[in-house]
Amino acid sequence: MKEHGVLKIAPLVLLMLVFMIPAAAATSEVHVVKYAPDGTTVLDERTVDYTWMEENLPVLGDGKTHYYHQGPTFNESDLWDPAEYQNVDTRDLGAVKGTAVSDLCDLVGGMTAGDTLKVKAEDGFYKKFSYESVYEEDPRKGSMGIAWYVGEDSLTGDPQGSGYVPEYYDGMRLIFFADTSTNPWGWHVFGNNDMKETLPENEWHFFGGDWPSTSGLSVKHVGELAITAHDAGNDTGDLPTTPATESPLSPLAGLLALCAVAALRR
């Protein structure tokens with residue numbers, strides 16, 4: 001009897017936990033900060049919102065052209081997919097507009113060779129990039145941009161919302177505004193092979209640790225761009241890697257999973 005009582009209560013606890021976990025919200029401003037090599041001393045910082053970006057900095061995208069990243073191929077014989085025909089339409093990120101990451105970095109003095117940039121989401125998830133990745137142009141990856149507007153929602157992928165943030169509820173979002181040179185469809189795709197050819201290996205993203213996926217680089221709800229200046233005296237030439245998962249697992253999420261298992265036991 002006691003066991004049956006637990007099984008009846010578990011689904012209720014599960015439901016309560018679902019509503020207790022706060023939904024991630026779109027961001028409308030970004031804090032740009034530059035640190036000294038010690039990683040704590042602030043050299044310069046500034047916070048700007050999307051309206052200021054649109055009015056004062058060059059705009060990437062036109063709100064009509066769709067931009068794509070690529071998911072994992074799950075195909076061992078075609079891991080990198082140079083032709084960009086696998087798991088691309090599912091990563092339609094919408095007809096976005098945004099601001100170049102390099103232009104935002106320049107607001108606090110910019111980056112130089114050896115500096116690193118952390119693109120950080122509100123929930124703490126982040127990706128790190130080198131000076132070359134942020135500033136050096138290659139049509140295959142295009143400009144790294146922080147998107148704050150969607151003129152047309154995704155047609156074949158997950159919904160992004162439409163309009164400015166917060167109606168664009170996946171924004172502000174890191175997107176590589178790639179050209180159409182790689183695939184035969186004429187799509188603006190930052191594909192997995194583009195990542196391999198244009199980013200250093202320690203910046204590649206792997207889904208599950210094995211499968212290349214540029215969609216894992218597209219950080220949602222960006223709230224901070226943090227530059228750490230280069231320390232020439234302690235340079236190892238290595239850029240720290242970041243977790244392969246796309247978001248951290250919270251304690252509540254872990255408890256939620258345990259409750260779900262308990263509810264399903266017979």
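The pLDDT is the predictor's confidence in each residue, on a scale from 0 to 100, and in this predicted model the chain averages a pLDDT of 85, with 78% of the residues scoring at least 70.

The largest nonpolar core comprises 45 residues, of which Val30, Val101, Leu104, Leu117, Leu174 and Leu225 touch the most other members. Two or more residues are given to this core by each of β1 (29–35), α2 (50–56), β5 (96–100), α3 (101–105), β6 (116–121), β8 (143–150), β10 (173–177) and β14 (222–228), and the greatest contribution, five residues, comes from β8. When residues up to four places away in sequence are not counted, Leu104 touches Val30, Val32, Val48, Met53, Leu57, Thr99, Ile146 and Leu225.

Thr99, one of the residues touched by Leu104, lies in strand β5. Because its relative accessibility is 0%, Thr99 counts as buried, the cut-off for this class being under 20% relative accessible area. With neighbours within four places in sequence left aside, the contacts of Thr99 are Met53, Leu57, Pro58, Leu60, Leu104, Met144, Gly145, Ile146 and Trp148. With Trp148, the side chain of Thr99 also forms a polar contact of 2.8 Å.

Methods:
Residues numbered from 1 in each chain as written. Predicted model: local features only at pLDDT ≥ 70, side-chain atom pairs only at ≥ 80, totals over all residues. Heavy atoms only, no water. Core = buried A, V, L, I, M, F, W, Y, C linked by side-chain atoms within 4.5 Å. Buried < 20%, exposed > 50% of the residue type's maximum accessible area, 1.4 Å probe, protein only. Helix = DSSP H or I, 4+ residues; strand = E, 2+ residues; numbered from the N terminus. Contact = heavy atoms within 4.5 Å. Polar contact = N/O pair within 3.5 Å; in protein donor to acceptor, adjacent residues only side chain to side chain.
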